[in-house]
Amino acid sequence: WVRVSGTEPPAASRGPQHKWLPTAPGVCSLLFVSKDVTYICPFIGPVRGSLSVTNYRLFFRCTDREPVFGLDLPLGVLSRVEKIGAATSRGDVSYGLACKDMRNLRFVHKEPEDSLKKSVFEVLMKFAFPVSNNMSLFAFEYKQVFPENGWKVYDPLAEYKRQGLPNESWRISKVNDHYELCDSYPAALVVPVTITDEELRRVSSFRAKGRIPVLSWIHPESQAAVVRASQPMVGQNGRRCKEDEKLLQAIMDANAQSHKMFIFDARPSVNAAANKMKGGGYESEDAYQNAELVFLDIHNIHVMRESLRKLKEVVYPNIEDSHWLSNLESTHWLEHIKLILAGALRIADKVESGKTSVVVHCSDGWDRTPQLTSLALIMLDSHYRTIRGFQILLEKEWLSFGHRFQQRVGHGDKNHTDADRSPIFLQFIDCVWQMTRQFPAAFEFNEYFLITILDHLYSCLFGTFLCNSEQQRLKEEVPKHTVSLWSFVNSQLEEFVNPLYVGYPSHVLFPTVGIRHLQLWVTYYIRWNPRMRPQEPVHQRYKELLAKRAELQKRVEELQREAANRTASSSSERAGSPTRSITPVQTFV
Amino acid sequence: MLSLGSGGAKSTKPSFVSYVTPEEIKSEKDPPKQEKHPDLLPGEVEFCSANPILKYTQDDLSQRGVFGTLFCTNFRVTFISDEKPQEKTDKTFKNKLYGENDIPLMCVDHIYGVYDEKRKLITGGLVKNKYPSKMIIHCKDLRVFQFSLTFSKEEDAKKIFQGIAHHCLEEKSLKCVFAFSYMGTPSPGTDLSFCRGFHCKNKPKLSIVLTVNSTFTLTSIFFFSFFFRMINAVAHNHLYSVKTEDLSESLPNIQDIQQSYNKFKQFFLIENSTDFWLSDVKWFSSLESSGWLDIIRQCLQKAVEVVECLEKDNTNVLITEEEGTDLCCVISSLAQIMLDPYYRTLMGFQSLVQKEWVAGCHAFLDRCNHLHQKDKEYHSPVFLLFLECVWQLVHQHSPAFQFSETYLTVLSDSVHVPVFSTFLFNSSHHRESVMKAESPLAQSGPLSCPTVWDWSVQFDSKAQNFFFNPLYLEKVKHDRAVRKPHKPKHQRNLSLPSTAFKTPPKKGFFKDETDSLKKMLRVKRLSRWRGSPDAPAATTREFFESWQHRPLDYHGLLLPCLDGPAVHIWMQRYLRWIPEVYILGGGSVAVMTKLMELLSQVQDLKRVLEQRDSSQAAKLDHRPYFQHRLLSFDSSGRLSSSFPFAYTCYRSFKPIIPTGLMQSLMVTDSLASQEDEASSVVSFV
């Protein structure tokens, strides 16, 4: 298998495929090769070269251009494959590939003369969408062995133990051991000790999809808790559930510091009220005394999908420089980011400054809720700002609590217009990125780590983001048959480390959510535009800084050793006061 | 705009609740009646004062404030709090000339008065009898001060208001500028000696002009002959390779620049939190409508075009505009920064400003409107525009610059400090004639005045460390030999014809000359210059891309990326006084501290070593000494992103929760009301 240097895109070509695929022979079968294909590059115009497709990826290498130019993308990233126009008189067919990672590709090539040979179009339709063709995703065939097993990163009991749970107020319930209480929740749930499993069952019938209020995180000092749930099934008649009321009271009582609690409903109040028509709704202040309900005005998955679609239109392929800012504003993308961050900030503020427990929910509690809780947790707990802590956070708040990755991303599914698709997780990673920009020394991971996570959200190379819930992943035996993304990541951690990291322990981060301090994540959304590429890819610069730091530290140590030696040898001779000497130090930077 | 405490605030806006009324505060704070006076600078004279005046604390939602005395001197408006200064926060970055409660008179941009809840712009020669209950001062460095005048005696309040209005807004003569009073005490470092110091390194022909400053007739003649020499050379020897570039045709004029900046700066003159969050909503389109970032882009674009001619096409460029002292300065200095790494060092940059702007006769006095002239035609923040462009370069290619953005911010502030002569005149000739006339002792030669480059006037050496960029990649020394033969060709070509051409008394003469020369050149120009005027962007884009493909050399040619998303706002300058955007414990200071910490460790150890080595210690090294341990490492976690400008130590460590989010995002289409779960129906359990 050929490796191409100087290929586009930098991030994808640096992924594990180059490093690991060639060493796993047999897995990667070559399905299509054509030596004469034209790639219509929106930036540099048509490029001729050869195209190959395997069951994992598409690979294009130009043959007529210097510097060497190439494309290398996992088929999982394709959301749509379509023919553009009919075959021309010269027998050329043109087809377009819409990708989930903010780009569209267009190829033109001759129809194969051998009619028995499959056209690239057929090959792509089959292998880019294995789920629609009753085939398994590539992750199930990828057998690379890594030194570390990423499936072991998250152990719910260990994580709860780190938080000091169970304790006198909270217990770990086994009521959902077989996913009978709620099939989209994890097996281990943390609930107040005063609530029995039987009561939990009754609560589950009152909460949408059975997603009862359970603890996500507890403040080590104030014992204020972050609790997540789905909406109560209040309906138009204002139904009540005394077990649910008791549960929320118990959550409040578990925190002796405050006699109040906040319920954060992520939705705009209009939408929350509209949900009453469909049996849902929100907690009434009559039924839940001492609880204050706050709406966070975050819009639903459809609005977010539309916003990202507009953003793609604005950034790809060409940017209209003179109207860039108003175009960006018209997508509302950053405003959505602002609202999500502002919501998480309010949650974190109530927990940290107000010492109050909070309950967070949206409609089903698997989209906006994990966005808010995980961001609030990152603000509150420095552990989640480390590489492994962040992995645990994703495993816990997103994967175990059933964010519907399969549905939202549409792995291997050709139905690209599916209204269940939505960039909720991307939006969350974007919010994290915004925080890393504001606090450049507070996160152990770098930007490349976040981009890698997003690239493999779509690649279907690893099993991590497959399926919709913990239960489904166990049923499909995903951990047994696939490799975890964290196996790959943790086997080469140095790639992902932020050299400037200072682990301020017990330091709460309150980001600024004003839109003046939010910026578009250019190195992700506009990374395909060659002009917007940073002079040196960010991670490379990071590495350079790391090396510089190591060099400096080594120097410091050397000097220290030298100094120690000198002290040993000369202290006897020169004990008098030394003259001050002055040295410039800029040379070292 | 104004809504602080106004009872008539519209119901949709969250209105402010004043937890403590000013009256309450007053009754508490009545007894201490101590006469306080500002520490006056040499030559500073107090005009008037009033007490008690309430200064509203800006970072507070309520109408709380501090009582104190407001003074107006011939240098500044200053407020001195009655309260005992709280535990002195150790300010590592303190300006020695003016503090956080001082507004140099030149720095005042606008004064607003609040009369019966209505805000009015105060213009000179205003209302003799009525004084406002509240006075709002917008500064050119974007600070906003709000003073309540209702607590002091009527005549005091009237006097201070009229005094401030008079001294800040009325047209005045140049000799009233504080610098001339301050000059009484001559300082060792004068402008000219500084110039000489800078220029000996480069030796462009211009430096002769700078140093031979005794007779300006000579200078003009020199220029004149030099210009013809150059034209001759161009016309006969290098006829095929010159391009004239008339900036007045392709770039916005100074009035456009002024208008755009006036709109732009409004977004940062924030008086209260409600205003802030309201302006946050349509932030990007507001920014765009001001056009300021677009002007920055156009200037950088033009500079890249010039660089392209010089670098790629080996064409000489003659840039012209009507007077040759505004955009010509911007473009030629930018091109030189892109081409020559020397100008990316602190000293190099200062010599560039001195050469292209100060000696290049940029009309600072008119453009900055130091004298508050009514005639708006001549005002324009051209120099600021240049600094903005430089900031974009610094932002994109940080390791290439020895100076930091803090340096640029301070420099942009220093333009409005009436102590330095550097930015006080319209030309060197102007300076000379004024200095001669103002000199009290004619026989002792012209007055000397501190130059802005003598940073020790404003900052102690510790604070000056913030001017240096810890990320700067210094050129390895042994490369110097290799560099020598490379004579930057732009030095000669770029700067001469465009700048320093017009001396005020001979306006017509020189203008005619330039015009005819331009014509001559146009006729003789050959078309090796292939850039068609229609698509300059496309060709520079190609030039940029080919440059981008080459390995990056921070000491070589440096080009900015000019695509929309790459042009940013100069956050430090514009957001430093707005508490709503302070990132507590974040911002670049966190990174800088870490780098500086490492550097200081190395330095400390090196010093320890050298101390041990007595033979070395004898010959002390006179190179500048940068101390990198500026902050204790632990404290960096509690500093805010506004560091080193605004200090937030006294602020509680609380997040800033936005208000008015409801209005911010009204998604009207049907998607918003759609059910989350599109395919499945919510179960009615």
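Biologist: At what angle do helix 8 and helix 9 of chain A pack, and how far apart are their axes?

Modeller: The general idea is that two packed helices are described by the angle between their axes and the distance between the axes. In this structure, helix 8 (residues 301-315) and helix 9 (residues 324-331) of chain A pack at about 160°, with axes 8 Å apart. Axes are lines fitted to C-alpha atoms, for helices over the stretch in contact, and angles run from 0 to 180 degrees between N-to-C directions. Helices (H or I, at least four residues) and strands (E, at least two) are DSSP runs, numbered from the N terminus.

A word on the source: this is a predicted model, where local features need pLDDT of at least 70 and side-chain atom pairs count only at pLDDT 80 or more, while totals for chains, interfaces and linings use all residues. Residues are numbered from 1 along each chain as its sequence is written, chains are lettered from A and ligands numbered from 1 in the order in which they are written, and side-chain values use heavy atoms, leaving out hydrogens and water.

Biologist: How are helix 8 and helix 9 of chain A oriented to each other, roughly parallel or roughly antiparallel?

Modeller: Angles under 35 degrees count as roughly parallel, over 145 as roughly antiparallel, 65 to 115 as roughly perpendicular and the rest as oblique. Helix 8 and helix 9 of chain A are therefore roughly antiparallel. On the helix 8 side, the contact (heavy atoms within 4.5 Å) is made by A:Ser307, A:Lys310, A:Leu311, A:Val314 and A:Val315. Helix 9 contributes A:Trp324, A:Asn327, A:Leu328, A:Ser330 and A:Thr331.

Biologist: Which classes of residue make up that contact between helix 8 and helix 9 of chain A?

Modeller: There are 5 nonpolar, 4 polar and 1 charged residues. Here Ala, Val, Leu, Ile, Met, Phe, Trp, Tyr, Cys and Pro count as nonpolar, Asp, Glu, Lys and Arg as charged, and the others, Gly among them, as polar.

Biologist: What does a helix pair look like in chain B, for example helix 15 and helix 16?

Modeller: Helix 15 (residues 382-396) and helix 16 (residues 405-414) of chain B have axes that come within 10 Å and cross at roughly 175°. These two helices of chain B are therefore roughly antiparallel to each other. Their contact includes B:Phe383, B:Leu387 and B:Trp391 of helix 15, and B:Leu408 and B:Leu411 of helix 16. By class, this contact has 8 nonpolar, 1 polar and 1 charged residues.

Biologist: Which residue does UniProt list for "active site", and where does it lie?

Modeller: UniProt positions are given in the numbering used here, feature names are shortened, and annotations may be inferred rather than shown by experiment. The unreviewed UniProt entry lists A:Cys362. A:Cys362 lies in the loop between strand 14 (357-361) and helix 11 (368-380) of chain A. The UniProt annotation "domain: Tyrosine specific protein phosphatases", also from an unreviewed entry, covers residues 331-378 of chain A. That span is 67% helix and 10% strand, and its end C-alpha atoms lie 27 Å apart.

Biologist: Is A:Cys362 buried or exposed?

Modeller: Buried means under 20% relative accessible area, exposed over 50%, partly exposed in between (1.4 Å probe, protein chains only). A:Cys362 counts as buried because its relative accessibility is 2%. Leaving aside neighbours within four places in sequence, A:Cys362 has contacts that include A:Ser230, A:Asp265, A:Arg267 and A:Arg368.
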